[in-house]
Amino acid sequence: MTFDALVLGAGIVGVSVAVHLQRRGMSVALVDRKSPGNETSFGNAGLIQREGVYPYAFPRDFGTLLRFARNRSTDVRYHPSAMGTVAPFLARYWYHSEPARHAAIARHYSTLIAHCVTEHRELIAASGAEHLLREGGWVKVFRTGAAMQAAQRDAQRWRDEYDVPFERLDASRLRDAEPSLTHALVGGLRYTASESVSDPGALVAAYARYFESLGGRVFTGDATSLQPHWSVRTEAGRIEGRRAVVALGPWADTVTRALGYRFPLAVKRGYHMHYRAQPGATLHQPVLDAEHGFLITPMTRGIRLTTGVELGLRDTPPTPVQLAAVEPLARETFPLGERVDPTPWLGRRPCTPDMKPIIGPAPDHRDLWFAFGHAHHGLTLGPVTGRLVAEMMTGETTIIDPSLFRAQRF
């Protein structure tokens with residue numbers, strides 16, 4: 001029951017780290033309280049966002065800030081009772097979102113994003129999960145010409161700076177691509193280099209089965225019981241590792257705080273619900289309503305409707321008011337039928353104020369490694385993060401410069 005590495009967290013990041021370490025000849029134990037892919041990685045929009053070179057910034061224009069402050073926006077809501085706790089994080093997030101700073105962050109962030117599709121494709125092929133992959137990109141749709149023109153300027157900048165392709169769909173081309181969408185839409189932008197999956201949880205589970213086929217072990221256990229140098233409690237008893245990797249997403253700080261680290265982590269909560277499509281209605285790809293902040297996408301279970309951001313504390317009970325607000329708008333956009341799920345699903349995105357994940361060795365502990373804080377792009381960046389961590393841990397030449405994401409920056 002002693003392993004070369006303990007990987008804590010069986011979401012997309014942790015499973016990807018475990019796969020890459022096991023491939024390199026290590027004996028690896030993957031530990032989580034749930035089976036792989038059944039927490040944050042379960043409920044996202046399924047996007048592999050090659051276009052996501054600029055991480056989502058905090059708005060800085062007065063009009064948007066005023067709209068959010070009223071707490072009636074469909075794309076961002078907040079818990080007033082949590083603001084005293086969350087405010088220091090938001091202040092630092094606002095600071096890093098200044099355009100020049102945001103552009104500098106994008107230069108770092110884009111080095112990871114550049115490999116997101118190729119690294120996923122490699123693991124998809126190895127794990128036999130090709131049936132879950134959907135090519136052809138995804139579409140951002142618009143109700144006003146002004147909003148579409150502003151988004152197109154951003155897309156052109158991403159293309160010019162980072163070679164991210166897109167295509168403009170006028171109303172006619174959008175109806176040809178997605179005939180069941182409302183004709184009130186003026187057009188859309190399709191990010192053609194991006195891809196998506198029809199079941200994110202199933203994808204993570206497929207990667208985990210591949211990990212086990214390589215000889216890796218999956219344990220149900222309590223990651224918060226991690227003790228130097230290094231052991232953790234599981235249902236099979238306490239297991240030990242020569243190294244440990246914290247890949248616990250929004251729960252990472254539960255472990256890191258116990259070890260003396262004070263990272264400025266917060267969560268962006270979000271909800272989803274599945275629906276049947278009304279008879280004859282079809283949806284071929286993920287579609288984001290850019291002006292109302294919701295996304296609909298075809299999934300194995302039905303049409304998944306995902307909400308924007310809810311700012312609050314990680315463990316506060318669900319308050320799916322956003323879902324209630326956007327569901328009528330989603331029904332106007334696409335002919336949704338009845339709900340499939342008994343209750344809305346709640347997920348938590350782990351965020352840092354500079355919008356970059358924390359990847360690399362722990363500053364104050366030997367043989368401890370971090371891989372968390374991926375915010376909206378956990379699914380997108382899981383495989384490339386796994387490869388990067390494994391390369392660092394084994395002394396290989398790394399796929400990108402890992403110093404850009406080191407924990408010491410905090």
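Trainee: What does Ala126 count as, by relative accessibility?
Mentor: Partly exposed, because its relative accessibility is 32%. Partly exposed lies between buried (under 20% relative accessible area) and exposed (over 50%), with a 1.4 Å probe and protein chains only. This is a predicted model: local features need pLDDT of at least 70 and side-chain atom pairs 80 or more, while totals for chains, interfaces and linings use all residues. Residues are numbered from 1 along each chain as its sequence is written, and side-chain values use heavy atoms, without hydrogens or water.

Trainee: Which helix is Ala126 in?
Mentor: Helix α5. Helices are DSSP runs (H or I, at least four residues), numbered from the N terminus.

Trainee: And what is Ala126 in contact with, neighbours within four places aside?
Mentor: Arg23 and Tyr210. Contact means heavy atoms within 4.5 Å.

Trainee: At what angle do α1 and α5 pack?
Mentor: About 70°, with the axes 13 Å apart. Axes are lines fitted to C-alpha atoms over the stretch in contact, and angles between N-to-C directions run from 0 to 180 degrees. The two helices are therefore roughly perpendicular, a label for 65 to 115 degrees.

Trainee: Which residues meet there?
Mentor: From α1, Ile12, Ser16, Val19, His20 and Arg23; from α5, Glu119, His120, Glu122, Leu123 and Ala126.

Trainee: New topic. How many residues has the largest nonpolar core?
Mentor: 68, and Leu21 and Val245 have the most contacts inside it. Such a core joins buried Ala, Val, Leu, Ile, Met, Phe, Trp, Tyr and Cys residues through side-chain atoms within 4.5 Å.

Trainee: What does Leu21 touch?
Mentor: Beyond four places in sequence, its partners include Val245, Ala390 and Met393.

How values were computed: Angles under 35 degrees count as roughly parallel, over 145 as roughly antiparallel, 65 to 115 as roughly perpendicular and the rest as oblique.
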